[in-house]
Amino acid sequence: MLIQILFHVFAAILVVSAIGVITTRNPVFSALALVMCFVTSAAIWLLIEAEFLAVVLVLVYVGAVMVLFLFVVMMLDIDLAELRQGFTRFAWLGWITALAVIIEIAGVVWAKGGLGVDVTRGATPLPADYSNTLELGKLLYGRYAYPLELAAMLLLVAIVAAIALTMRHRAGLKKQDVDAQVAVRAADRVRLVKMDPEKRP
């Protein structure tokens with residue numbers, strides 16, 4: 001009974017946070033709402049005894065990917081006023097995309113005859129020596145090794161692209177010129193002046 005109550009609480013928070021991600025016009029607030037989605041999703045993973053997935057969701061997505069996303073959003077200098085002006089112009093495209101996704105999900109559920117899960121019963125208890133980390137490791141680095149490497153390459157390309165976007169030339173931006181610093185000579189920077197000593201009056 002307690003698990004069902006916690007599930008409904010976390011699910012409600014997850015739905016509200018997901019709505020906040022797509023309705024908030026400030027990109028920083030949207031990213032923070034996405035962090036809340038990840039945390040509540042991790043809590044739901046914990047309810048079905050998938051501890052490894054919950055920990056990875058928090059450490060990888062919240063601790064690394066979302067921090068990187070926030071830095072990219074802050075360094076891109078997004079003009080929020082211009083962003084608000086173009087929000088309603090492409091709203092129809094967003095609604096069409098959302099409707100298409102909902103129809104696809106409903107079609108898959110209908111074609112499969114439901115989700116195939118008996119919701120009247122809880123999760124099957126696992127033995128004490130069971131390790132979902134070991135089982136996931138066998139699948140990821142055995143059966144799905146090549147898709148895992150492909151996903152790693154895609155993430156690397158995304159990180160390089162994010163860094164490249166922040167390195168564009170901007171007016172008044174001061175950068176360090178290492179070559180000019182190394183080529184500097186002492187004679188160009190320091191001038192020694194010899195003066196005769198003078199007595200105080």
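Reader: Leaving aside neighbours within four places in sequence, which residues is T40 in contact with?
Author: T40 is in contact with F10, I13 and L14 once those neighbours are set aside. Contact here means heavy atoms within 4.5 Å.

Reader: Where is T40 found?
Author: T40 is in helix α2. Helices are DSSP runs of H or I with at least four residues, strands are runs of E with at least two, and both are numbered from the N terminus.

Reader: What should I know about the model behind these values?
Author: This is a predicted model, where local features need pLDDT of at least 70 and side-chain atom pairs count only at pLDDT 80 or more, while totals for chains, interfaces and linings use all residues. Residues are numbered from 1 along each chain as its sequence is written, and side-chain values use heavy atoms, with hydrogens and water left out.

Reader: OK, back to T40. Buried or exposed?
Author: T40 counts as buried because its relative accessibility is 4%. The cut-offs are under 20% relative accessible area for buried, over 50% for exposed, and partly exposed in between, with a 1.4 Å probe and protein chains only.

Reader: What does the side chain of T40 reach?
Author: The T40 side chain reaches the backbone oxygen of M36, at 2.9 Å.

Reader: And where does M36 sit?
Author: M36 also has its place in helix α2. With a relative accessible area of 39%, M36 is partly exposed.

Reader: What about S41, buried or exposed?
Author: S41 is buried, at 18% relative accessibility. Its place is in helix α2, and it touches L14 and L57, not counting residues up to four places away in sequence.

Reader: New topic: which residues form the nonpolar patch on the surface?
Author: M1, I5, V9, I13, M36 and V39 form that patch, and together they have about 540 Å² of accessible area. The elements giving two or more residues to the patch are α1 (2-23) and α2 (27-47).

Reader: Which one gives the largest share of the patch?
Author: That's α1, with three residues.

Reader: How is a patch defined?
Author: Patch residues have over 30% relative accessible area and no salt bridge; nonpolar side chains (Val, Leu, Ile, Met, Phe, Trp, Tyr) are joined within 5 Å, and like charges within 9 Å. A salt bridge is a side-chain nitrogen of Lys or Arg within 4 Å of a carboxyl oxygen of Asp or Glu.

Reader: Now inside. Which residues make up the largest nonpolar core?
Author: There are nine: A31, V35, F38, A42, A54, L57, V62, M66 and L70. Two or more residues each come from α2 and α3 (51-75), and α3 gives the largest share, five residues. Such a core is a set of buried Ala, Val, Leu, Ile, Met, Phe, Trp, Tyr and Cys residues joined through side-chain atoms within 4.5 Å.

Reader: What does A31 touch?
Author: Not counting residues up to four places away in sequence, A31 touches M66, F69 and L70.

Reader: Zooming out, how many helices and strands are there?
Author: The chain has nine helices and zero strands.

Reader: How much of the chain counts as buried?
Author: Of its 201 residues, 14% count as buried. The accessible surface comes to about 17000 Å², and 70% of that belongs to carbon and sulfur atoms. Those areas come from the Shrake-Rupley method with a 1.4 Å probe; for residues, only the protein chains shown count as cover.

Reader: Last one: where does I163 lie?
Author: I163 lies in helix α7 (residues 145-166), and its C-alpha atom is separated by 9.9 Å from that of L68, 95 residues apart along the chain.

Note on methods
Polar contact = N/O pair within 3.5 Å; in protein donor to acceptor, adjacent residues only side chain to side chain.
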